[in-house]
Amino acid sequence: MATYGDDLAELYDLHWQAWPERLWTFLRPRLPGGARTWLDLACGTGVLLGRVVEAGYEGYGMDASAGQLRRARRRAPTARFVQADLRDFTPPPRWPGRFDVVPCPSSALNYLRTAT
């Protein structure tokens, strides 16, 4: 997605960074006990994933934007990332076969054109 470059990543951080912070505040006390692995679909600049790995989760993130992922890698340096399109995403073979938590809190689901 060529439109999601470094300029949009900067804009995202300037204007939408508060949303994942509020989401983390909401989700954290509601997470299932024993949850350890977290796959953040369309992780953006990694604000939520940064909080997740700080809390001790094994974090994984995917996003279509290289610009967003560059920022996410800085925020969540222990997480593993892959650049991929949500519409046909399959976790890489080296990743776990299942995840305890899999949010997609952004508007990324709007890009899905069909139910399957």
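Helices (H or I, at least four residues) and strands (E, at least two) are taken here as DSSP runs, numbered from the N terminus. The model is a predicted one, so local features need pLDDT of at least 70 and side-chain atom pairs count only at pLDDT 80 or more, while totals for chains, interfaces and linings use all residues. Residues are numbered from 1 along each chain as its sequence is written, and side-chain values use heavy atoms, with hydrogens and water left out.

On that basis the protein chain has four helices and three strands, which follow one another along the sequence as α-α-β-α-β-α-β. Of its 116 residues, 44% count as buried (buried means under 20% relative accessible area, exposed over 50% and partly exposed in between, with a 1.4 Å probe and protein chains only). Taking contacts (heavy atoms within 4.5 Å) between residues at least 6 apart in sequence, 58% join residues at least 24 apart.

Now for the sheet. The three strands form an open sheet in the order β1-β2-β3, with parallel pairing; two strands pair if DSSP finds at least two bridges between them. β1 (37-41) and β3 (80-83) stand at the edges with a single partner strand each, so one side of each has no neighbour in the sheet. From one strand to the next, the twist averages 15°. β1 and β2 are joined by five bridges, and T37 stands opposite E58 in β2. Between β2 (residues 58-63) and β3 there are four bridges, with D63 of β2 having Q83 as its bridge partner in β3. Strand β2 is mostly covered, five of its six residues being buried.

Helix α3 (residues 47-54) packs on this sheet and touches β1, β2 and β3, its direction making about 175° with that of β1. Axes here are lines fitted to C-alpha atoms, for helices over the stretch in contact, and angles run from 0 to 180 degrees between N-to-C directions. Six of the eight residues of α3 are buried, so the helix is largely enclosed by the rest of the structure. Those buried residues are V47, L48, L49, G50, V52 and V53. After α3 comes G56, with a positive phi near 100°.

Helix α3 also meets α2 (18-27). Two packed helices are described by the angle between their axes and the distance between the axes. For α2 and α3, the axes come within 8 Å and cross at roughly 35°. P20, E21, L23 and W24 make the contact from α2, and V47, L48, R51 and V52 make it from α3. By class, the contact residues divide into six nonpolar, no polar and two charged (Ala, Val, Leu, Ile, Met, Phe, Trp, Tyr, Cys and Pro count as nonpolar, Asp, Glu, Lys and Arg as charged, and the others, Gly among them, as polar).

On a 1 Å grid over the protein atoms alone, a cavity is a set of points where a 1.4 Å probe fits but cannot get out, and lining residues have an atom within 4 Å of a point. Grid points are joined across faces, edges and corners, and a volume is the space filled by probe spheres set on the points. By this rule there is one cavity of 30 Å³ or more. The largest cavity has a volume of about 80 Å³. Its lining is made up of Y12, W19, P20, D40, A42, C43, G44, G46, V47, L48, P105 and S106; α2 and α3 each supply at least two of the lining residues. Eight of the lining residues are nonpolar, three are polar and one is charged.

Two of the lining residues, A42 and G44, deserve a word. Most residues other than glycine have a negative phi. A42 has a positive phi of about 55° although it is not a glycine. A42 sits in the loop between β1 and α3 and is buried, with a relative accessible area of 14%. G44 lies in the loop between β1 and α3 as well, and counts as buried at 2% relative accessibility. Leaving aside residues up to four places away in sequence, G44 touches D63, Q68, L69 and A72.

Finally, R98 belongs to the segment after β3 and is exposed, with a relative accessible area of 58%. The C-alpha atoms of R98 and W38, 60 residues apart along the chain, are separated by 9.4 Å.

How values were computed:
1 Å grid on protein atoms, 1.4 Å probe; cavity = no way out; pocket = protein on both sides within 12 Å on 5 of 7 lines; lining within 4 Å.
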